[in-house]
Amino acid sequence: MNFQFIASLFLGLLTTPLLAPNSLAQTASSPKSDAANWYQFRGPHSDGTAPGQHPPTSWSETENILWKTPIHGRGWSSPVVLGTEIWLTTATEDGKKMYAVCVDLETGKVKHDKLLFENDEVQKDHHVTNTYASPTPVLDEEFAFIHFGSYGTACLRRDNCEIVWQRRDLPCNHFRGPGSSPILYKNLLIFHQDGFDFQYVVALDRKTGKTVWKTDRDVAYGTDNGDVFKAFCTPLVIDVAGQKQLVSPTSKACLVLDPETGKEIWRVRFEEFSATARPLFDGKRLYINTGFGKAQLYCVEADGIGDVTGTPKVVWTQRKNIGSKPSQLLVGGRIFSITDDGVISRVSMETGEVVWQERLGGKFSSSLVATDEHLFALDHDGKGYVFTLADDPQKVSENKLPDGCNASPAIVNDSLIIRTTTQLYRIAKPR
């Protein structure tokens with residue numbers, strides 16, 4: 001999730017733009033889109049969708065498992081895939097050692113297992129249900145960008161896992177643990193540092209790691225309690241009538257910035273905090289999850305200027321059946337949401353009304369993913385649910401693995417790449 005799971009903690013390519021065909025959302029320094037491309041958190045379209053893919057809709061330890069590979073340590077970072085490589089991160093349970101891991105997509109063999117950072121001390125108040133390896137990596141044609149929040153950020157060569165550059169001087173007391181994943185935009189690596197003490201967005205030069213711009217949050221939190229200042233969101237770059245916008249949700253507000261400079265374009269404010277979900281964009285409107293304190297889903301026109309709170313730019317808000325941790329899904333003209341305690345629903349894009357729902361039970365942190373035909377939802381206990389994509393979705397299957405998921409899955413080459421608490425699986429039909 002990227003870590004979608006993190007906000008529970010409040011209790012707890014080279015430079016070719018890619019315009020996502022479904023969400024019209026991601027204009028970034030991104031690899032060429034193809035069947036073996038899930039290079040960032042929420043996939044190549046930034047929204048959890050995998051058009052044209054046909055992974056199995058049923059699986060178990062004895063069915064449709066092409067391979068499984070143990071992953072040492074503990075981490076909720078989601079697997080990312082480019083070509084024949086799967087990258088993820090892990091760490092020792094105490095956070096003293098942090099690793100980048102690369103697994104071969106075809107065989108499941110570990111190609112690289114690199115110790116990147118060692119920490120004599122770690123931040124206090126790290127939540128027991130979090131890990132020290134929750135932010136998801138991002139890939140381009142040459143490099144893997146690995147991020148552990150303020151513990152360190154590194155650029156690795158994908159061919160030999162050698163370090164190109166690293167930064168360990170970007171302060172932030174994550175308090176409950178880091179969770180925001182980095183993204184690529186042109187020559188920039190951009191990520192959030194929203195902590196107990198410091199809150200800012202930073203853009204680093206992709207090739208050198210040097211700071212290009214840094215924008216401090218200017219948000220009225222309404223309290224001096226730093227626990228309310230935290231957020232765990234991954235930003236999103238969109239195109240609005242030719243203007244690139246960096247959609248940057250944080251606690252109590254979503255700020256929209258110029259991705260080239262970090263200068264604010266517009267914002268919308270809300271009451272909730274510890275936001276986690278990645279926003280969605282349909283080419284005109286943004287769908288923004290507001291986080292803990294009873295999460296809401298905001299539908300906001302993306303062509304605003306200044307503070308649009310309370311204006312007609314906010315088309316609707318929905319509080320019912322909106323989870324705080326898993327990101328929502330926009331697919332086939334429909335919005336799907338799942339709550340942390342397992343109520344899945346469809347929300348009308350036009351009105352925000354909940355028009356279908358089903359209670360699954362269990363606990364969910366992993367974000368929903370979908371193909372053109374099916375939606376996939378994975379819980380903490382190892383259950384995996386598959387639904388049709390329809391106005392009135394039907395459950396296709398209920399599947400079980402021994403360990404549960406906090407990381408969001410990837411869909412590539414007609415396969416599900418699932419990270420459980422102990423294993424990495426490639427779920428695919430036998431060849």
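**View 1. Lys-214 lies over the face of Tyr-200, 4.4 Å from the ring centre.** A charge is taken to sit over a ring if NZ of Lys or CZ of Arg is within 6 Å of the ring centre and within 35 degrees of the ring normal. The model is predicted: local features need pLDDT of at least 70, side-chain atom pairs count only at pLDDT 80 or more, and totals for chains, interfaces and linings use all residues. Residues are numbered from 1 along each chain as its sequence is written, and side-chain values use heavy atoms, with hydrogens and water left out.

**View 2. Tyr-132 and Tyr-151 form an aromatic pair.** Rings of Phe, Tyr and Trp (its six-membered ring) pair if their centres lie within 6.5 Å; planes under 30 degrees apart count as stacked, over 60 as edge-to-face and the rest as tilted. The count by this rule comes to 11 aromatic pairs. The ring centres of Tyr-132 and Tyr-151 are 5.9 Å apart and the planes stand at 75°, so this pair is edge-to-face. Tyr-132 belongs to the loop between strands E6 (110–118) and E7 (138–139), and Tyr-151 to the loop between strands E8 (143–147) and E9 (153–157), so the pair ties together parts that are 19 residues apart in sequence. Helices (H or I, at least four residues) and strands (E, at least two) are DSSP runs, numbered from the N terminus. Both Tyr-132 and Tyr-151 are buried (buried means under 20% relative accessible area, exposed over 50%, partly exposed in between; 1.4 Å probe, protein chains only).

**View 3. Phe-175 and Phe-196 form a tilted aromatic pair.** Their separation is 4.7 Å centre to centre, with 35° between the planes. Phe-175 lies in the loop between strands E10 (163–167) and E11 (183–185), and Phe-196 in the loop between E12 and strand E13 (199–205), so the pair ties together parts that are 21 residues apart in sequence. Phe-175 is buried, at a relative accessible area of 13%, whereas Phe-196 is partly exposed, at 31%.

**View 4. Ring pairs link Phe-143, Phe-145 and Trp-165 into a cluster.**

**View 5. The largest cavity holds about 70 Å³ of space.** Among its 13 lining residues, His-174, Pro-178, Gly-179, Ser-180 and Ala-231 are the closest to its centre. On a 1 Å grid over the protein atoms alone, a cavity is a set of points where a 1.4 Å probe fits but cannot get out, and a pocket is an open set with protein on both sides within 12 Å along at least five of seven lines; lining residues have an atom within 4 Å of a point. Grid points are joined across faces, edges and corners, and a volume is the space filled by probe spheres set on the points. Strand E12 (residues 188–194) gives the most to this lining, with 3 residues. By class, the lining has 4 nonpolar, 8 polar and 1 charged residues (Ala, Val, Leu, Ile, Met, Phe, Trp, Tyr, Cys and Pro count as nonpolar, Asp, Glu, Lys and Arg as charged, and the others, Gly among them, as polar).

**View 6. The largest pocket holds about 160 Å³ of space.** Its lining includes Tyr-221, Lys-252, Arg-267, Arg-269, Phe-270 and Glu-271. The lining residues divide into 5 nonpolar, 2 polar and 4 charged.

**View 7. Ala-390 lies in the loop between strands E30 (383–388) and E31 (395–400).** Ala-390 is partly exposed, with a relative accessible area of 23%. Apart from neighbours within four places in sequence, Ala-390 is in contact with Arg-334, Phe-336 and Arg-346 (contact means heavy atoms within 4.5 Å).
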